[in-house]
Amino acid sequence: MKIPARKSRKDYYTAVVWLALIGTLIFRIPLGRIIGDKGIACFGLSNEIYLAVAGAFSFGLSEAAAAHVRYRVRRSQFKSAGKVLGNALCIGGAIGLILSFAAGVGGQKIAEKVFHAPLAAMSVGVMAPAMFFFVLTGVFRGYFQGNGSKLPAMHSEILHVVFLFLGGLSGASILHKYGQKVSALLQNDDYAAAYGAMGASLGLLAASVFCFLHVLILYFIFRRNMNKQGSRELQKTQDSGIRILYTLIGTETVYGLYYLCFHILPLLDQYLLFVSDKEQSAFAAWWGAYYGRCLVVTGIVCGVMQMVCLAPVKRIAAGMERGDQLLAKEKLGVLIHQCAVISMPAAAFVAVLAESILDLLFKGNNHQTAIWVQIWCPAIILQIFASVFMEIFLYGRKVKIAVSIGAIALALHGGCAFLLLKTVKAGMLAIVIAVILFYGTAAVLGFLAVSRLYQYRQEWIRTFGVTFLSSAVAALAALLLNKVLTPLAGAAISLVICILMGAAIYMVLLVVLRAFESGELEEMAGGRLLILLAELLHFSIE
């Protein structure tokens with residue numbers, strides 16, 4: 001059965017996915033207040049194994065199932081679509097069991113021998129069963145999307161965040177209190193953090209189990225109608241199970257590799273940092289602050305911007321597929337300009353207001369973390385462009401190009417981090433520089449590949465020069481205003497006023513310096529606001 005879908009709701013799918021990602025980042029803010037930086041470091045290991053390793057298989061099988069089910073449903077091959085689901089569940093079940101068994105039985109060795117974080121073993125062990133349910137949930141999400149509805153996947157994303165908060169925070173609070181008693185008995189404060197991280201991993205387990213039950217119930221609800229449609233299918237239209245299995249594995253491998261290249265950075269960086277030196281105690285606190293504070297602030301900013309910037313990608317790829325290359329090139333130019341207009345001021349404001357933002361969200365001394373955030377800020381701009389270019393390849397069915405770019409960027413990232421950690425002993429600074437290199441490589445290679453694919457030539461002065469100048473002036477004004485207002489009004493009120501004033505100055509500069517060509521603002525998010533501002537200032541958009 002083709003599950004009913006409403007077009008207006010399907011348009012919200014990407015926004016819901018990014019909101020769910022932002023929710024998982026926000027989860028680390030109250031979690032850090034409960035278990036501290038060392039606890040976040042322990043939780044980060046299990047969380048990243050769950051998201052990067054199990055997530056790669058979940059995403060790969062989801063995309064593979066969606067593509068192959070969609071192909072067969074459009075041709076009324078409903079029995080073959082059912083075979084796709086069956087084969088995908090077999091693959092996902094086998095992979096999930098292997099991953100869960102490896103993490104459950106070998107969690108101690110993985111944490112102690114591989115990552116040199118023995119106290120994280122308890123967190124990894126609790127998380128292990130969640131990998132099985134996470135992979136299978138991805139299969140069902142893809143199956144429903146292939147049948148024409150993204151609503152189950154949207155609901156699943158929301159449920160995942162809800163149960164992560166409920167299970168993770170309650171588990172962390174209860175087990176952290178128990179861990180404090182263990183720490184007092186053993187005279188080692190680290191055990192309280194380790195037990196708190198183990199409680200937080202209960203949130204991953206709860207989220208994965210309930211999301212799996214949710215999609216499973218939906219499947220059984222629609223199963224009868226699917227079987228009725230399958231009974232009317234002619235035998236000659238069916239594909240063999242071996243062929244379906246072979247194509248599923250091939251598609252899953254490509255998409256899984258793409259996901260892994262762009263999501264394994266925190267796990268790889270934690271490994272490189274912890275094995276670079278024997279002084280593990282200092283590194284645990286550093287990594288906890290980086291993972292629980294720096295990546296949270298920058299990740300939330302990037303997530304909000306990507307909700308806006310990724311929306312037009314599908315239309316650009318569709319125009320190119322229809323053969324309307326001129327229109328696709330025009331929309332691509334507008335999208336690149338929009339990415340610059342949004343990402344540059346965001347990065348500039350985060351850089352100049354980093355310490356105020358961190359002090360508002362996190363307790364303790366945030367001075368060192370603020371420095372990491374400030375150095376990380378160029379990666380905000382580069383990540384937006386890299387994400388847009390990779391999405392163009394995905395929608396344009398050029399996934400292998402995205403995989404190649406991701407693999408090159410990942411290799412350079414790993415090599416840079418390793419050299420800086422071993423030779424210069426740069427610590428967390430080495431990780432931040434390597435992250436900038438990763439997104440810089442992905443953005444540059446992605447731009448070159450997209451430019452060649454679309455035969456696109458970039459205009460540089462308006463798009464980047466004027467935008468950069470306007471962002472710098474607005475950020476400087478926000479910085480000076482923040483220094484004056486913070487002692488008088490407090491960090492929270494000062495931060496809001498500075499951001500609003502900085503944004504106003506930035507938009508006025510864009511209008512005065514005529515940063516846009518005629519017709520561009522009509523296509524951009526927030527463009528009408530700039531048009532209204534230009535009319536109030538009596539400036540014409542040429």
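Figure 1. Glu157 forms a salt bridge with Arg141 (a side-chain nitrogen of Lys or Arg within 4 Å of a carboxyl oxygen of Asp or Glu). The closest N and O atoms are 3.3 Å apart. The pair links distant parts of the chain, with Glu157 in helix H5 (residues 151-186) and Arg141 in helix H4 (residues 121-146), 16 residues apart. Helices (H or I, at least four residues) and strands (E, at least two) are DSSP runs, numbered from the N terminus. The model is predicted: local features need pLDDT of at least 70, side-chain atom pairs count only at pLDDT 80 or more, and totals for chains, interfaces and linings use all residues. Residues are numbered from 1 along each chain as its sequence is written, and side-chain values use heavy atoms, with hydrogens and water left out.

**Figure 2. The salt bridge between Arg293 and Asp37.** The two side chains, Arg293 and Asp37, meet at 3.4 Å, N to O. Arg293 lies in helix H9 (residues 280-309) and Asp37 in helix H2 (residues 13-74), so the pair ties together parts that are 256 residues apart in sequence. Arg293 is buried, at a relative accessible area of 11%. Asp37 is partly exposed, at 23%.

**Figure 3. The salt bridge between Lys38 and Asp190.** The closest N and O atoms of Lys38 and Asp190 are 3.2 Å apart. This pair also links distant parts of the chain: Lys38 sits in helix H2 and Asp190 in helix H6 (residues 190-231), 152 residues apart. Lys38 is partly exposed, with 30% relative accessibility. Asp190 is partly exposed as well, with 23%. The structure holds three salt bridges.

**Figure 4. Surroundings of Cys377.** Cys377 belongs to helix H13 (residues 367-395). Its relative accessibility is 3%, and Cys377 counts as buried. Not counting residues up to four places away in sequence, Cys377 touches Ala347, Val350 and Ala351 (contact: heavy atoms within 4.5 Å). Leu89 lies elsewhere: its C-alpha atom and that of Cys377 are separated by 41 Å, and the two residues are 288 apart along the chain.

**Figure 5. Surroundings of Ala347.** Ala347 is placed in helix H11 (residues 325-352). At 5% relative accessibility, Ala347 is buried. Leaving aside neighbours within four places in sequence, Ala347 is in contact with Cys377, Ile380 and Ile381. Ala347 and Ala379 are 32 residues apart in sequence; their C-alpha atoms are 8.5 Å apart in space.

**Figure 6. The whole chain, as context for the close-ups.** The protein chain has 19 helices and zero strands. Its radius of gyration is 24 Å, close to the 24 Å that the globule rule gives for 542 residues, so the chain is as compact as a globular protein of that length. That radius is taken over C-alpha atoms, and the rule is 2.2 Å times the number of residues to the power 0.38. The C-alpha trace spans about 75 × 70 × 40 Å along its principal axes. Buried residues make up 53% of the 542 residues. Among contacts between residues at least 6 apart in sequence, 82% join residues at least 24 apart.

Notes. Buried < 20%, exposed > 50% of the residue type's maximum accessible area, 1.4 Å probe, protein only.
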